[in-house]
Amino acid sequence: MAVEMFEFTATVVGIFISFCMYTTLYGKPNPIRSWAEYSYLAAGTGVSVVIGLWYIWNTAIVNIQAGDLILIASLILGVMMLFRVYPKYNYVSRLPIAFSVGVQLALSLRTIIFTNFLRQINATIVKLWTGVPMEFLYRFTIAVSVITILSFFLYTMEITGPLLYSSKIGEYLMYLGFGAIFAQTFMGRLGLFVGYMENITTPAWKQPYTVVAAIICLIAAIIFDKTGLGEKLSAG
Amino acid sequence: MSAFFKSRSTQLTILVISFLLVFIPYFINIPGLDWFSTKLMTIAAVTNAFTIGIAVYSQYKRSGRFIMERRKGWIYHIYLVLLMIFMIFNGIVFGQHTGGYDWLLKAVVTPLSSVIYGILAFYMASAGARAFRARSPQAALLLIAGLIVLLYQAPLTGSVFPGIEPAATYLTNTFGMSVARMFSISVCIGAIVLGVRMLTGKEVAFLGFGEE
Amino acid sequence: MSEEGFDLFKWMATYDKRWIYVFLFIVVIGPLIRPLGMPISVSGLTKDYYDNINSLTEGDIVFDSWNMEFSGYMELKPGVLATHKIFIEKGVKLCIAFGHFEGVALPPVVFKELKSYMDQYDYKEFEDYIIIGYVIPNEAAVAALAQDFHGVVRVDWKGQPIAGTFLDEIEDAGDFALINDYTTGLATTFQIRHMVLTYGTPMAVNSIGVSVPGHLANLDAGLITSLLSSTRGGAELEYLIGQPGPGLKSMDAFTFGHYMLIVFIIIGNIGHYGWSRRAAHRDRTGIQ
Amino acid sequence: MVEPLFEIPGLFAGRTVGFLLIILIFVLTIYYMSQKKLQYVRRVPALDAIEDAVGRSTEMGKPVICSYGLGGFSYWTIAGLSILGYVAKLCAETDTRLIVPTGGSHDSYIVREAAVDLVRNAYTTAGKAEMFNEEDMPFLSGEQYAYTPAYIGMLVRDKPGTTIMTGSHWSEAMNIAEMSNAVGAITITAGCYTSSMAALACASDYIMLGEEQPAAGAYLSKNPSQLASIRVQDIYKFIAVGMMILGLIAINAGSEIINRLISS
């Protein structure tokens, strides 16, 4: 029963606090929204600290205990990093930052040229005619689009002559692409919203709580707005 | 000693050496260096994880200022600091899979994480409704492509009018994909050039480097 | 034009945007409470993903990366559950890692949904799947893990040593049969760079809608082997494996949400041409 | 993958061309940075849009809000800061109030210091140092979704005539752009990833697409390393287009030479 109570209270509070947050859509400040926002900020930061410590423990301490002594350096550098918050000695943090930036830069530079440049070019260079008209249409369109869109993004020269035509075509094709991408982005955001609504309406016992929470929060948002209390009591 | 830490050339040297130690073994086979560079990566990963401490401290400091100066909403900052301390204390002392920490994770963090991003669906909808207008040739193309793909994405349309799938797939897999590919190519070069600028000491001022 | 007609156009151009919000709530919650069970079609992309996952055999070890916050899970849930059902049924072994700290909240939620399925196939923690926790917070961590798995990970998310389990077979990222990624875009790029590019391990991605265009380019470039897009893809996968779940249930809401936007776009265009364009005060600045 | 075209002993097979291309970027960047003569970058239309919008705010007597993104030090942030410097100059010259929300991520407070200096300099250069008010550059929060509502709160309270969002704005960009539009401000944004560009192209009055922003930043700052960056990017776009065209011709004529070269 204790476990059920735990689940039940967490679920109901979760539903209520969600609709407190949804009152953002009303467009006016109110205290229940501020409460939700600060709760998230506090609890979210709390979780990230605990998990961050967990990561440091398991990746550094556990491995050091197992004999990987070189990792002691990570703890020393990490502690040096913390000096950043202390203005008088914040220069101490510059060494770990330099080290960490150097490593991350190397990791990104050594691979990005393959994944983002060479592989993308290679994938564009394909036999256009494979005997399937639809395939031809796809491959031809991709080749034309990539080349013309790239020519739209040239900045160190005046766009004249054939480049002008190419960049103009590129711009139009890009907007066709944007239309498709906008739709996909909308699908993603809608999927998230629908998924969450599915989560708070399944199983069926959650439905009354969801509907009641929605109504209470909407009424609260209207009251806070009309009475002017929202502006006064919210976090600003 | 402090002069050593403060010296710009020390910082740049460390930046360049750590870069080379990880960059070179990927291209040139030097026995032993690969092992060492893997260790450097783990060290860098752990070092980075400490930045969370900086984040918490800045949050705490900011809230402290609100509370001390009694700025608007200061009471929320007291709540924030107390809840944050409670959460961290519980998570460390009683573990992550039980008690108040677990409850707050389920009741506050997970639902609000969904709501915050889910709200974007509403803004996307209102932006679409407001701005999908055929005001110029470009906007007209955006509108046409957007409508076709939106129609296809509604699952019912695809099953009632199978003809819409090839049209929508064509738009996403050719034009949409090309935009992504172009972007990928240009961002990649931008990132590498930025790397060069950092390694040659042109941009490091942003990292708080330099003599004092 | 009549006086009433003029007013209607004006309303179409200037109505309070919050009506869109109200309608979106209604068209989404309504069908979830009373599902209609409308038909859907299955895209080629999802069929490829299904074939990709289905080609695994018993005992294959998959790096199952949950690169999502809880919000991402809400969008990807149908795909996550359906894909894991295939894994469980096939007896594939999973090494589960999180790419976001909120990931720690996910296993109890996911495995609760899969419980009956796991009992049916006798699928157990430590024998069949191991959760190694939040081990990929940044690019350096991904690269180190890819090169020297046991040098980075020695314990699971509850602190139990992983030595002596099926993970003994893993030395580097090349030993995984597949990387299966559910992503909101966190460590995925890093995994592509350091696991796929460097070790040639195939990678299937279950992506949120926002990142789909980028992943289509990666799919075409052969950097990932298959792609399942958003909730819609998950629902299609549920349909393919014959196990209706949250995805198919939410497809009615999905359909109505899209139609609603289309209706509002049409209303907006009529309003624009019927009223705003003639008033044209907004466009006078010369800025689009 | 196809058979590599060539191998260089000592270098890993399949990574040679990538390695050489990176080295070439190093060489070109250093070369262009060290040139006395500034590289030419064309003026992008975004700058006219910014000028018009700031001008309109001045006429209406409304403030301008200009943010430079919430990332730490990045490709986009540097460009965003250059544009912020320009907007500050325009505002200082026309006595328009400029509000700059700062913060948004754990790294953002480092950038903030640079931004404050930049805006202060712009006011000093225009001879209006007394007009600079650091209170108008508040640090909103170190967290993205605490920054966002605070930004929105600002839009609602201060009712700007223009909102300019540069640098790297992520998913919060839509919230801000929509709200900015709701308060009647001209909204100028910069997209720094594909789906954000598409969404912002709808939500804003003017959008700087992808690299238009760094190009604008380089044009305004006349900073040799930013200009060199745009130059090298253009050269590599030519290389990419050249490889694609040659490759397409070759492969359709039956030769995989370019694919083999890329795979070397």
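What follows is a short chat about chains A, B and D of a predicted model.

Me: Before I start, what kind of model is it, and how is it numbered?
Reply: This is a predicted model, in which local features need pLDDT of at least 70 and side-chain atom pairs count only at pLDDT 80 or more, while totals for chains, interfaces and linings use all residues. Residues are numbered from 1 along each chain as its sequence is written, and chains are lettered from A and ligands numbered from 1 in the order in which they are written.

Me: How many residues of chain A are in contact with chain B?
Reply: 97 residues of chain A are in contact with 98 residues of chain B, where contact puts the C-beta atoms, placed from the backbone, within 7 Å.

Me: And by class, what is on the chain A side?
Reply: The side of chain A that touches chain B has 66 nonpolar, 26 polar and five charged residues; Ala, Val, Leu, Ile, Met, Phe, Trp, Tyr, Cys and Pro count as nonpolar, Asp, Glu, Lys and Arg as charged, and the others, Gly among them, as polar.

Me: How many helices and strands does chain B have?
Reply: Chain B has nine helices and zero strands, these being DSSP runs numbered from the N terminus (helices H or I, at least four residues; strands E, at least two).

Me: What box does chain B fill?
Reply: Along the principal axes, the C-alpha atoms of chain B fill a box of roughly 75 × 55 × 35 Å.

Me: Switching to chain D, what is the strand order in the sheet?
Reply: The open sheet of five strands in chain D has the order 2-1-5-6-7 with parallel pairing, and pairing requires that DSSP finds at least two bridges between two strands.

Me: Which strands are at the edges?
Reply: Strand 2 (98-99) and strand 7 (206-209) of chain D are the edge strands, each pairing on one side only.

Conventions
Two residues are in contact if their C-beta atoms, placed from the backbone, lie within 7 Å.
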